[in-house]
Amino acid sequence: MELIDVCDVNEVPVGSGRAFTVGEHRIAIFRVSDHEVYAIDDRCSHDEASLSEGEVDCEELCVECPMHGSLFDLRTGKPRTLPAFAPVATYRSEVRDGRIFVEFSA
Ligand code: FES
């Protein structure tokens with residue numbers, strides 16, 4: 001596993017998501033509190049939507065796909081509602097020294 005320094009934590013304001021390209025991965029990072037972030041694949045499993053553009057629920061820890069409205073759990077990547085039924089990949093992530101790190105398999 002490889003821990004990648006993706007960005008300054010302030011590039012992802014609390015309550016929002018942002019897409020980043022890291023190597024071959026297009027990931028969406030969501031920040032739900034000062035020190036809590038989640039990273040999942042940016043592309044919705046249902047169609048071509050960018051999940052980073054969806055609305056984040058910081059209490060329920062989910063994001064709503066901006067295209068058809070499936071709710072994805074930020075911890076597991078699993079959709080909680082249709083029309084998406086396949087999960088998206090999740091990546092362990094953390095805030096350290098003001099930076100956001102995401103772990104990828106090498
Ligand atoms: S593209 Fe995300 S639910 Fe359809």
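A salt bridge is a side-chain nitrogen of Lys or Arg within 4 Å of a carboxyl oxygen of Asp or Glu. Side chains of opposite charge can pair when their charged atoms come close.

A quick word on where the values come from. This is a predicted model, in which local features need pLDDT of at least 70 and side-chain atom pairs count only at pLDDT 80 or more, while totals for chains, interfaces and linings use all residues. Residues are numbered from 1 along each chain as its sequence is written, and side-chain values use heavy atoms, leaving out hydrogens and water.

So, how many salt bridges does a search of the whole structure find? The search gives 11. Let's visit a few of them.

One of them joins D5 and R99, with 2.9 Å between the closest N and O atoms. These two come from distant parts of the chain, 94 residues apart: D5 is in strand β1 (residues 2-8) and R99 is in strand β10 (residues 99-104). When I say strand or helix, I mean DSSP runs numbered from the N terminus: E for strands, at least two residues, and H or I for helices, at least four.

D5 is partly exposed at 38%, and R99 is partly exposed at 29%.

Next, please find D42 and R26, whose side chains meet in a salt bridge at 3.8 Å, N to O. D42 sits in the loop between β4 (36-41) and β5 (55-57), and R26 in strand β3 (residues 25-33), so this pair ties together parts 16 residues apart in sequence. D42 is buried, at 4% relative accessibility, whereas R26 is partly exposed at 45%.

R31 is buried, with a relative accessible area of 7%. Elsewhere, salt bridges that share partners join E60, D73, R75 and R80 into one network.

Let's stay with R31 for a moment, as this residue of β3 is the bridge partner of S16. Strand β2 (residues 16-22) pairs with β3 in the antiparallel sense over 7 bridges; two strands count as paired if DSSP finds at least two bridges between them. In their hairpin, with 2 residues between the strands, G23 takes a positive phi near 60°.

On to β3 and β4, which pair in the antiparallel sense over 6 bridges. S33 stands opposite E36 in β4, and this hairpin has 2 residues between its strands.

Note on methods
Buried means under 20% relative accessible area, exposed over 50%, partly exposed in between (1.4 Å probe, protein chains only).
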